[in-house]
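Welcome, and please load the model in your viewer.

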Amino acid sequence: MMRIGQREFDFHKEAYIMGILNVTPDSFSDGGKFQTLDTALKQAEKLIIDGADILDIGGESTRPGHTFVSIQEELERVIPMIEAIKKRFDVPLSLDTYKSEVAYEGIKAGVDLINDIWGLKWDGGMAEVVAKEEIPICIMHNRKDSMYTNFIEDVLADLRESIALAKKAGIKEDAIILDPGIGFAKTFEQNLLLMNQMERMLELSYPVLLGTSRKSMIGFALDLPVEQREEGTLATTVLGYEKGCRIFRVHDVKQNKRALKMAEAILRAK
């Protein structure tokens, strides 16, 4: 069991949906749609009604070629949103950031989970902040290039390095989630291979979060623009569940929730 906010998550028995709430002007899929407090709150409410178990708020786009955002600007984007969401809703709230200062202020504002796309390796203070505040961390696989010697083994080794950083700082075993990092420092072919061998992530013995929603892997495979990648995302959610993933970070919550529920029903049949 893992406690995120006021809710207990049993990743051995259940799978969960994390709804994406980007409060950025340049996110690859929904940039600029939810920058105001009013639009962000309406989207948060929609995601919750549609079945989101967690909301993941992000104040800096991490798409390829994104513009770096200063700590101050990121804080100005996310803190008012965090405070407003926590005031109105009781859903667990995740903060998508790799900066320890933003994480610290976010936790003070009410964040229940930190989602670090650099797996504790960008900012030397991130692990200490998470350990001190005693909240869960999602550690994503990432690196500065896509040059690998043995791709799957290298991904696992990179994640083991991040896990070691977490443990050294004092982050508890039951507060760690792993994300294989689909779309980050990986070619199209490597992303497909990772999806094909996703069960290898279970070797590390932590819950696995899958984030494929509307990403370029789907766009390249189906030759479709970002706004037409829903079906491709649903396919990855179902396959990811079958291979052991238990959290799915998505834009289209209702559709993925239904696909996940169907997959669960089939795989639990005796």
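Buried means under 20% relative accessible area, exposed over 50% and partly exposed in between, with a 1.4 Å probe and protein chains only. This is a predicted model, where local features need pLDDT of at least 70 and side-chain atom pairs count only at pLDDT 80 or more, while totals for chains, interfaces and linings use all residues. Residues are numbered from 1 along each chain as its sequence is written, and side-chain values use heavy atoms, leaving out hydrogens and water.

**First stop: S100.** Select S100, found in helix 3 (residues 100-109); helices here are DSSP runs of H or I, at least four residues, numbered from the N terminus. Is S100 buried or exposed? With a relative accessible area of 9%, S100 is buried. Beyond its neighbours within four places in sequence, S100 is in contact (heavy atoms within 4.5 Å) with D123, G125, M126 and V129.

**Next stop: F248.** Together with I82, I85, I114 and I171, F248 touches the most other members of the largest nonpolar core, which has 68 residues. Such a core is a set of buried Ala, Val, Leu, Ile, Met, Phe, Trp, Tyr and Cys residues joined through side-chain atoms within 4.5 Å. A second, separate core has 12 residues, including I4, Y16, I54 and C138.

**Last stop: I266.** Move to helix 9 (residues 253-267) and pick I266. I266 is exposed, with a relative accessible area of 54%.

Notes:
Helices (H or I, at least four residues) and strands (E, at least two) are DSSP runs, numbered from the N terminus.
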